[in-house]
Amino acid sequence: MMQSDTAGLKIRERWRKFFRSVGVVLGGGLLAALAVWMLVSGVDPAGAAASQFVGRKYIFPAGAIALFFAAFLCVFGFFPVPRSSYASGIRFSVFIIRKHLPVFLGIAVLVPVLAYVVFFMLAENETAAFDRNFSLLAKEQIRQISDWKDRQSAWAVAQAGLSGEAGIFRQGQRLGVTERQGLPERLQTVARNGRPDADGRKPVTETAAHDMSHVLKSRRIWMGPPKRISNADGTWRDVLTMYVPFMKETSAGPEAGVRLHYVNPAESLIPVMSIWPTSGMTSRVFLFSTRGGEVAMLRSVPTGRIAYPIEQGDAGHGQWLEKIGRTRQGIFHTVDHRGKRVVGYVGKIPDSDWSLMVKMDEREAYGHIRQMAWYILLMATLLTASAALVLFFVLRHRHMQYQTVRMKNGLKQRALRHDYLSRFANDAIILMDDSGTVIEANERSGALFGKARSALSGKNIRTVFDPQDAPVFEERWQELKREKSLIFEAYGKHADGRIFPVEISSGIIDTAGKCFAQFIIRDVSEKKKADEAIWRHANFDLLTGLANRRMFQQRLLFETRKAQRTGGSVTLMYLDLDRFKYVNDTMGHDAGDSLLKGASERISHCVRETDMVARLGGDEFTVILADLEDFRDVSRVAQSIRSALSQPFVIDGQSVHVSTSIGIAFYPEDAADVQELMKHADQAMYAAKKNGGNRYHYFTSSMQEAVRQRTNMICELRHALDCGQFETVFQPIASMKTGEIGWAEALTRWRHPVSGMMEPVTFVPLMEETGMIRAFGNGLFMETVWQAAKWRASRPDFCISLNLSPVQFTEGGIAVDEWMACLEELSLPPQSVVIEITEQLLAGTDASVVRQLDALHRRGVRVAIDDFGTGYSSLASLKKFSPDYMKIDRTFIRNLTAGDEDRTLCETMIMMAHKLDIAVVAEGVETPEQWRILSSLGCDYAQGYYISEPVEKASFGKLLAVKGCTVMA
């Protein structure tokens, strides 16, 4: 129970450690993740988008791996204990990590956090540097495009032949107010009506009209939107319109105008845009123009078109360009029309409707930052692993140093203890080499073998053992070399030649390739004696030295199985000593024990040495005869035993005579198993005793039938007690002086439902054997005294007598107090009750019987000795118990005549009783002559059929009333 409780506590403690470790791991991991998340969340989106991406992609998976590793370390404590050195090393390493788990977790969390902070700072700087360089490049591109526009304008002026006063507006030259106000209306009118005006000019679009008006007002060359014009061969081409303002003198006065110059961008502008120094899969450089609801782009496309408006199906792109052109100038970070994050730059081209946009996907733009993140992550991992390994080996080294110190101290203490143990040990300890030569021995070794320690050193261990036991010792020595450890028994030899048993605990010690043997030798002489005593106590009878019931049953089982295999036979004899109880009761238990010892010796002398004689208990003995060649030998053995036990035994100077009853059964002829064989032999013995004893009897099938009937009768008796099938009858006892009937003996009859009325002799012995007689006797007493109280109402001097069985005085005895209480309740004086006992009970010396009879006698109950003359009572016992009545047995009355021996015996018994002041009752009086003779001899009372047979209580009452309670001779 304590071991199961301790195991339960250990399991619960391990689970508590497990959950505590898991809590520490999860808590630390969550705190680290929270710190990283706060760092990532606090970054400016425009400056650290790449750091967010890298943190999300790499830092958190690394944290998850660390958490999983830590959880594995926690669970590793529940793995089975390893048995190999490699597994033990792994488990020891895990133990070191688990013991210092917070330190390792701190390293695992601190190094990644520091690495991420460094990466965060570097990434922000790299992002700012990239955006700065990106802006400078875009501005340089705008400057180049502006220079290209100026060159195209100069070339257009040169091609138009405009110079001097007739050329481009000079500095400070302006249109008049009327001119500035009238020109736009005229251009818009031409654009709306679509026909020439009064001067014969061609119509223009509204956009062209707007651009012309703007050019004239600003006096600058303007680059307008793209358009398509036809070539001489009828093909179309995309061109840009350059609006060149001019003023010339005419007869009508100064005239302002705009010359249109068409430029093919594929020949000059696109090459300028294509020298963008940064190339990539996602980088884009283009010009775009937004005016009204129209968005135009200028860039090189695979179709060959370079200037075109945004098509209807790509409205999202146009809206995005329009929004960017309207809301953003300079560097920007946003999501483009594809839904991807981009970094770009937007700049206005001077003197034009065009803006330059340079953009690139952030993923490609900050690719070098991602690569740097990989390097930092790798370095952090290596640094973490290196720090953890360095810390691990430092802790492992310190732990091993600590363990080494502990081991050294333990070895020192162990060596010290071993020295004390070997010096003061009660067992002999001997160290030998592989050949058995003694190297070292303790003090106890010399005392055990009677030699000095120096005398043992250098000698072979075989010299201290019994030479006759040498072959067995050599077998054990070789077995020890194979098994490396062995416990065996041998016989040591003392210096004085004495041989004694020893127990040896041996082992092989392998040190530096050399083998040594160690013997721990203990003298087990006392242990052997104790074991022998225990074994004899368990298997032999302590009084007689014969086998007891346990060994007898084992031997009988062995012999029956042997007979079953070989087809032989086994004979079993059951013996019971006749009159042993009488000897035990009269002469005492010591005399009985001496008688049992003598009987066991005589029985053992009558059988062979291979046969077994056993005492089962009390005065019961058994004999097992096996391997008999002739069944007639059984009779000879039985007769020999009967004759031997019939001879007188001399005990305490007295000659004691006993006999024996022997029951004999055979296996397998009479029984199929051991239990049945024992039962049948017992039945045969019971039959021999029933026939008078001092004989032997073989088992027969009729005995089995008798036993069956006896068993049935016992069951029927129990049922009869429960159902009240017993009836009480009363036989009168008359006074021989007056002839009055003032006394009656209560007798019991069993009204059997099948067999009819049965006499007590048929069922009382069974009641005594089964113990039912106690309950039956108490019930009979209650019923008898109750009836006596009724009759005593009319006859105040009426007495009632009843018989008590000797069994009622044993195992608790009779209920004296209960009986006296019943008499008091019925107002019946104790003198009106007579208890009849047998001579067998009178002859006993049991103190409890004497005490119970004395208790009844002192309270007034009278005692009568029943069937006197047939038992073993003596004058001493009569004087000791002082009975009130003595009832002469009917065997002396049956043939009573005037001159025979029975008359003399009766006269002698009557005279003896009167001398002892004991009244005499004659049983079995059946004739007037017997009445007259007994009356002449001075007998006091008579009982028998001459007076009346036993009658029921109603008839007895009538008998008292009719006859007036008087008997006439």
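This is a predicted model: local features need pLDDT of at least 70, side-chain atom pairs count only at pLDDT 80 or more; totals for chains, interfaces and linings use all residues.

**Exercise 1. The faces of helix H13**

Task: Determine which residues of H13 are buried and which strands these residues pack against.

Solution: 
- Step 1. Locate the helix: H13 covers residues 470-483, which makes 14 residues. From its first C-alpha to its last, H13 reaches 20 Å, close to the 20 Å expected at 1.5 Å a residue.
- Step 2. List the buried residues of H13, namely Phe473, Trp477 and Leu480. Seen down the axis of H13, these buried residues fall within an arc of 60°, so they line one face of the helix.
- Step 3. Recall the general rule: an α-helix has 3.6 residues a turn, so residues three or four places apart point the same way.
- Step 4. Turn to the other side of H13, where Pro471, Glu475, Arg482 and Glu483 are exposed.
- Step 5. Identify the packing partners: the buried residues of H13 pack against strands S10 (428-433), S12 (485-493), S13 (499-511) and S14 (514-523).
- Step 6. Note what comes just after H13: Lys484 has a positive phi of about 70°.

**Exercise 2. Helices H22 and H23**

Solution: 
- Step 1. The crossing in which H22 passes H23 is right-handed.
- Step 2. Examine burial in H23, where Val816, Trp819, Met820, Cys822 and Leu823 are buried. Their directions, seen down the axis of H23, fall within an arc of 155°, so they line one face of the helix.
- Step 3. On the other side of H23, Asp817, Glu824 and Glu825 are exposed.
- Step 4. The buried residues of H23 pack against H22, S26 and helix H25 (847-858).

**Exercise 3. The place of Pro829**

Task: Is Pro829 buried, exposed or partly exposed, and where does Pro829 lie?

Solution: 
- Step 1. Pro829 lies in the loop between helix H23 (816-825) and strand S26 (833-838). H23 is followed by Ser827, whose phi is positive, near 55°.
- Step 2. The relative accessibility of Pro829 is 26%, so Pro829 counts as partly exposed.
- Step 3. Pro829 and Cys799 are 30 residues apart in sequence, and their C-alpha atoms are 9.8 Å apart in space.

Notes
Residues are numbered from 1 along each chain as its sequence is written. Side-chain values use heavy atoms; hydrogens and water are left out. Helices (H or I, at least four residues) and strands (E, at least two) are DSSP runs, numbered from the N terminus. The expected span of a helix is 1.5 Å times one less than its number of residues. Buried means under 20% relative accessible area, exposed over 50%, partly exposed in between (1.4 Å probe, protein chains only). The arc is that of the directions from the helix axis to the C-beta atoms. Contact means heavy atoms within 4.5 Å. A crossing is left-handed if the near helix is turned anticlockwise from the far one by less than a right angle, and right-handed if clockwise.
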